[in-house]
Amino acid sequence: MQKEIVIVGLNHRSAPIEVRESVAFEHSYVRDGLARLRAYPTILEGVILSTCNRVEVVAAASDGRLAFSHISEFLDDQKAQRHAASLDDHIYVYQGADAVRHLFRVAASLDSMVVGEPQILGQLKQYYDAAQQAGTVGAILHRLFHRSFSVAKRVRNETAIGSGAVSISSVAVDLAKRIFDRFDDKTVMLIGAGKMGDLMARHLQSHGARSLMVTNRTFERAVALAERIQGSPIRFEDFSRYLKLADLVIGCAGAADVLIDATTVERVLRERKQKTMFFLDIGDRRNFDAKINDLDNVYLYNIDDLKSVAEDNRLERSNEAEKAEGIVREEVASFVRWMDSLEQVPTITALRHRFEEIRRREIEKSLGGGLKDLSAQQRAALDDLTTAMINKLLHGPISQLKKNASEDGDDTTLYVAALKRLFDLERK
Amino acid sequence: MDAIILKLTALIYLLAAGSFFHYLFRGETAARLPTALLLLGFVIHSIALASRFFQEGFAGVAMMGHALLFNGWLMVGIYLLIQIKYHLSILGGIIAPLAFLMTFAAFAVGKGAAEIPPALQTYWLPVHVTLAFLGNAVFALAFGVSLIYLLQERRLKHKKMTALMKRFPPLESLDRLNYMLLVWGFPLMTLGILTGSLWAGIHWGNYWSWDPRQISSAIAWLFYAALLHGRITAGLRGKKAALLTMFGFCVVLGYFLWGDALFPSRHGGRFE
């Protein structure tokens, strides 16, 4: 039986978050969902993918058109009752080569909200594993998903799509890594208790920073924050005395006054023998004097600088995305060739059967009529003769078909369809 | 035969340079290919050098082309050693074209200066020349590291990130490597000057003859000594240290290339 790949789903572009959430599968219910999906007669294989940006059903179906309505129905059932509105406006459907392309693009993170983000591949693997455990993966989806994983790897290796941080705190860490080669011997000073500063300090800690000082105008808040992120609290009046110990200084105090000016930094640098310092001014208002950046061995980035680096990286990613689309195109073509070759094998078998059937019928007819006096030896010779004739007749077309499938698959579908029509192979 | 090997060396260094640039600016694969090419160039370079030494003896280094060939060989060798530990492929992007220019110049310049008189051909010759050239090679690498530091520093200050920057090592590692090269290069240079002076003392009877090469080496030596002192005691580092390192090498290189032509001396072939 011929199988078709079908994808029905909705993503961050086609549907608002409320709609996506109403359809989303909680992890523990995926198995349940797969069982329900498999119950439809048209769905032969199925994988459910459900992340905060997309809910999709990937299936191998016996009848594409019927499968669409079945999967739509399935998603409608899944939808929480509180959203009475129909999903029809938000759903997209892909079939055949388009479905293959869509899945490859999803895996390669070309369809993601933040193009190039690396999480999607892991999520894809996770949902594929779940489907495999539930027994809803067969030969086609097995091959399709494994192909999509290697497409994602190829895109990651051959393009710079995943490089270049695009969030503020990862840009800051990225910059810090271009200045310092390790963080475990560095000291971070966090001035102010803004949310962004907290986040950035944690990010630096996850990259190895161990020593952390926290200061705030209200000492109690500094103590509380220090406790939360395993730092040591410092009184606000004292922070400039401790400044010489800090390699990374994060300003996030909120208030609009300049807390550290260039003269102070110049003095601090002398005290620490010109060891490099990195200032990050990430509050809404500036806490550090912009002239600090003019000093040698000191780098100052404020929130706007970080945003513009992130923006540049985003632009670069979209350039790389074009390269990635080329890779996807190649891979889709080769996958479609494989699908076609699947179709070709049963057609060849059917063709042989058809010829053999005719041969046998005609021999039986003749042996029962005009040739009934033949000896056993002559009968065997007749059998050999007709078999050889059929083999010779079929040899040309079959080897041509096989050759076609292995070289360029474009014509294979056409030939297969022609053979089916000409010899009436789908009669059963 | 000799010339063919030499041209082959230059060609492979050129290929390595192209491959490094491809890696740096297009950058699809790891820097294995350019490093492998450089290593291959180094092996053939070694053969070319060995064949010269075999034919002409060590005294051939008095000739400009020969000296460049030997110096370039030391430079590539030290780079390859550094590469093992630091994976500083970007430095290869500077060393490979430099190695190409030096080997290319080696057969472009050809013979040049006169031969060293047999009386001078003692053990002092290889010892003095090798030490002095090792110092040069280490400072050439320090020059490359400093250049990379300045490029990276400028980008960070001007807040302009480029794809190329992602291949740059952190400033901290560059500065540390730069310091390490100074720490190695300075004693080598000192020994180069000392052995030369001792050799002169033994042969000519006076240790210091105000030979132009001696003077220029002394200037460069004082310069590097000040730099080292500043680094150790005054926290001289980063951009200033990189600039000074580059300047110091320019003094060494400038004299190496043109000094003997401008001021004929013992190093330039006047052995009296």
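**Close-up 1. A:D185 and A:K186 join their side chains in a salt bridge, 2.7 Å from N to O.** The model is predicted. A:D185 is partly exposed, at 43% relative accessible area. A:K186 counts as buried, at 4% relative accessibility. Both residues belong to a salt-bridge network that also links A:D181, A:R182, A:D184, B:E172 and B:R176.

Close-up 2. B:R176 is partly exposed, with a relative accessible area of 41%.

**Close-up 3. A salt bridge connects A:D296 with B:K240.** The closest N and O atoms lie 3.5 Å apart. This pair crosses between chains: A:D296 sits in the loop between β9 and β10 of chain A, and B:K240 in helix α8 (residues 238-262) of chain B. B:K240 is partly exposed, at 49% relative accessible area. Over all chains, the structure holds 34 salt bridges.

**Close-up 4. An open, parallel sheet of 6 strands in chain A runs in the order β7-β6-β5-β8-β9-β10.** β7 (232-235) and β10 (298-302) of chain A each have a single partner strand, so one side of each lacks a neighbour in the sheet. Neighbouring strands are turned by 20° against each other on average, direction ignored. Strand β6 (residues 211-216) of chain A pairs with β7(A) over 4 bridges. A:N216 stands opposite A:R235 in β7(A). Helix α12 (residues 303-368) of chain A lies across β9 and β10 of chain A, at about 80° to β10(A).

Key: Residues numbered from 1 in each chain as written. Chains lettered and ligands numbered in written order. Predicted model: local features only at pLDDT ≥ 70, side-chain atom pairs only at ≥ 80, totals over all residues. Heavy atoms only, no water. Pairing = 2+ DSSP bridges. Helix = DSSP H or I, 4+ residues; strand = E, 2+ residues; numbered from the N terminus. Axes fitted to C-alpha atoms, helices over the stretch in contact; angles between N-to-C directions. Contact = heavy atoms within 4.5 Å. Salt bridge = Lys/Arg side-chain N within 4 Å of Asp/Glu carboxyl O. Buried < 20%, exposed > 50% of the residue type's maximum accessible area, 1.4 Å probe, protein only.
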